Amino acid sequence: MSAGALGLGSWETASAGTGRTGFVYDDVYLTHRIDTDHVESPDRLRRLLDRMRSLGLDREVTKIALRSGALAQIEKHHRSAHVAAIRKIPVTGLVAEAAVGGVLAAVDAVAGKRVANAFCAVRPPGHHANDTGHQEGFCYYSNAAIAAKHAQSLGFENILVIDWDYHHGNATQNAFYSDPSVLFFSTHDFYAYPRTGDPSLTGRGAGTNFNINVHLERGSRDKDMLDAWDKKLLPAAEKFKPDFILISAGFDSRKDDLLGRFLVEDDAFVRMTRITMDLARRHCGGRIVSLLEGGYNLDGLARAASAHVATLLGG
């Protein structure tokens with residue numbers, strides 16, 4: 001698959017910013033639909049792009065085209081039977097592959113210092129995708145886990161994955177549960193789908209203490225989220241000293257989400273982004289790739305994700 005074959009659509013032709021923050025998007029992401037009126041709809045990206053245009057962020061970010069060769073990276077992570085089953089799904093099989101292609105392109109751009117950091121406005125999301133041969137929690141391929149392995153193939157050794165989605169990133173956890181080279185940190189509602197992420201699960205063997213699950217109660221607010229970062233993430237990250245950071249940026253942890261029950265405000269996403277940027281400056285030359293996961297209140301997603309991108313830009 002190539003970016004040329006897909007085409008970069010109206011967003012790319014409308015503007016071509018040259019900012020410090022890379023931005024991955026392609027109109028192919030709008031062609032995937034689970035079913036009519038499903039919450040994980042193309043309108044999630046349409047509303048986000050409209051919001052970014054209204055704020056002028058489209059003129060500040062640097063557009064990143066999807067990269068070819070995503071299938072090879074997918075096959076290194078997922079079992080062949082799973083990949084074959086997903087590729088048979090009309091339209092969606094191609095789009096899920098394109099989502100991985102976008103995330104890989106962002107990792108390449110940050111690793112190559114073409115941008116300081118990047119946000120991937122991709123769909124379908126990925127942090128629930130194991131090897132079942134079908135979609136799990138709207139996910140088909142494990143985007144963040146594949147990105148982490150790709151970063152390591154480029155020579156980066158210690159990868160920090162931060163997942164602030166309302167739902168636990170079970171597939172990311174599963175990929176690295178015994179791996180001390182990846183520090184996985186997740187805040188989530190343990191009792192929500194997929195009912196994984198027990199805080200007692202800290203890793204296995206050499207990976208013990210490199211898996212950090214933080215359950216937050218329904219109704220949790222900014223302070224609860226940020227306290228978890230202060231008490232759990234920051235001490236572990238300072239000891240781990242990551243040389244590349246990935247964010248599974250799920251905005252269903254924002255207030256008023258259709259599938260989330262937290263009361264987190266946009267300011268918390270700004271503060272979490274700044275904290276992550278500070279970590280990245282201290283340990284890994286600012287290298288961050290953030291990829292969209294959940295977020296199903298269209299206006300809420302657009303506002304929180306735009307605030308996240310503006311912060312990555314230094315605003």
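**Entry 1**

Is Phe210 buried, partly exposed or exposed? I looked it up: Phe210 is partly exposed, with a relative accessible area of 24%. For my own reference, buried is under 20% relative accessible area, exposed is over 50%, and partly exposed falls in between, with a 1.4 Å probe and protein chains only.

A note on what I am reading: this is a predicted model, where local features need pLDDT of at least 70 and side-chain atom pairs count only at pLDDT 80 or more, while totals for chains, interfaces and linings use all residues. Residues are numbered from 1 along each chain as its sequence is written, and side-chain values use heavy atoms, with hydrogens and water left out.

**Entry 2: the sheet**

I traced an open sheet of 8 strands, in the order β2-β1-β3-β8-β7-β4-β5-β6, with parallel pairing. Strands here are DSSP runs of E with at least two residues, helices are runs of H or I with at least four, and both are numbered from the N terminus. Two strands pair if DSSP finds at least two bridges between them. At the edges I found β2 (62-64) and β6, each pairing on one side only. From one strand to the next, the twist averages 15 degrees.

Val24 has Cys120 in β3 as its bridge partner.

I also checked α9, which packs on the sheet and touches β4 (159-163), β5 and β6; its direction makes about 180 degrees with that of β5. Contact means heavy atoms within 4.5 Å. The axes are lines fitted to C-alpha atoms, for helices over the stretch in contact, and angles run from 0 to 180 degrees between N-to-C directions.

**Entry 3: cysteines**

How many disulfides does a search of the whole structure find? It finds 0, a disulfide being a pair of cysteine sulfur atoms within 2.5 Å. The sulfur of Cys120 has its closest cysteine sulfur in Cys139, 15 Å away, which is too far for a bond. Cys120 is buried at 0% relative accessibility, and Cys139 is buried at 0% as well.

**Entry 4: aromatic pairs**

Rings of Phe, Tyr and Trp (its six-membered ring) pair if their centres lie within 6.5 Å; planes under 30 degrees apart are stacked, over 60 edge-to-face, and the rest tilted. The count comes to 12 aromatic pairs. In Phe138 and Tyr296 the ring centres are 5.7 Å apart and the planes stand at 85 degrees, so I noted the pair as edge-to-face. Phe138 sits in the loop between β3 and α7, and Tyr296 in the loop between β8 (288-292) and α11 (298-312), so this pair ties together parts 158 residues apart in sequence. Phe138 is buried at 16%, and Tyr296 is buried at 6%.

Back to Phe210: its ring and that of Phe240 have centres 6.0 Å apart and planes at 65 degrees, so this pair is edge-to-face. Phe240 belongs to helix α9 (residues 222-240) and is buried at 8%.

I also found a cluster in which ring pairs link Trp164, Phe185, Trp229, Phe251 and Phe269.

**Entry 5: Arg123**

Where does Arg123 lie? I found it in the loop between β3 (117-120) and α7 (143-153). Arg123 is buried, at 0% relative accessible area. Its side chain makes a polar contact with the side chain of Glu40 at 2.8 Å. A polar atom of the Arg123 side chain also lies 2.6 Å from the backbone oxygen of Tyr29. A polar contact is a pair of N or O atoms within 3.5 Å; within protein, one must be able to donate a hydrogen and the other to accept it, and residues adjacent in sequence count only if both atoms are side-chain atoms.
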